[in-house]
Amino acid sequence: MYLNLKRDYLVVSSVILEFVLGLSTISRGSPTEKLQWTFNLYDINGDGCITREEMREIINSIYNLLGRFTEPCVSAEATRDHADRVFDKLDMNKDGIVTFDEFLEICLHDENITKSLSLLDTVL
């Protein structure tokens, strides 16, 4: 029983540490660090690239968190189309995957994204 409690404690501690490190990166990190954190969020399997399916899954999850009852209501087809448009923009060489270099290049040169990144800055 003690080993199970210790294992559970270590798992919870690891999750909390990862959460705190993510918050720190988002609030105090450089634009590149913030984009690396974001890229890692979309790279579900951790293989160093984002596939169209991973993009669809994360964007669908975001819409689900926002709720299907938002006004105007967002259909599953619209969510999929949004994910595909984002993916097509990021996949610079059209090879079916988005690398971190592609992701970084597009994001750092997109005025809306760079403004959004600066909104997350905190002054402490």
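This is a predicted model: local features need pLDDT of at least 70, side-chain atom pairs count only at pLDDT 80 or more; totals for chains, interfaces and linings use all residues.

Trainee: Which residues of α4 are buried?

Mentor: They are T79, A83, D84, F87 and L90, and the label requires a relative accessible area under 20%, whereas exposed requires over 50%.

Trainee: What makes the buried residues of α4 line one face of the helix?

Mentor: Viewed down the helix axis, the buried residues of α4 lie within an arc of 135 degrees, and therefore they line one face. Their cover includes β1 (49-51), α3, β2 (97-99) and α5.

Trainee: How do you know that the span of α3 agrees with what its residues should give?

Mentor: The 15 residues of α3, at 1.5 Å a residue, should span 21 Å, and the end C-alpha atoms are 21 Å apart, so the two agree. In α3, the buried residues are E54, M55, R56, I58, I59 and Y63, and what covers them includes α2, β1 and α4. After α3 comes G67, with a positive phi near 100 degrees.

Trainee: Which members of the largest nonpolar core touch the most other members?

Mentor: Of its 18 residues, those are I50, M55, L90 and F103. Two or more residues each come from α2 (31-42), α3 (52-66), α4 (76-90) and α5 (100-108), with α5 giving the largest share, five residues.

Trainee: What does I50 touch, leaving aside residues up to four places away in sequence?

Mentor: Its contacts are F39, Y42, D43, M55, F87, G96, I97, V98 and F103.

How values were computed. Residues are numbered from 1 along each chain as its sequence is written. Side-chain values use heavy atoms; hydrogens and water are left out. A nonpolar core is a set of buried Ala, Val, Leu, Ile, Met, Phe, Trp, Tyr and Cys residues joined through side-chain atoms within 4.5 Å. Buried means under 20% relative accessible area, exposed over 50%, partly exposed in between (1.4 Å probe, protein chains only). Helices (H or I, at least four residues) and strands (E, at least two) are DSSP runs, numbered from the N terminus. Contact means heavy atoms within 4.5 Å. The arc is that of the directions from the helix axis to the C-beta atoms. The expected span of a helix is 1.5 Å times one less than its number of residues.
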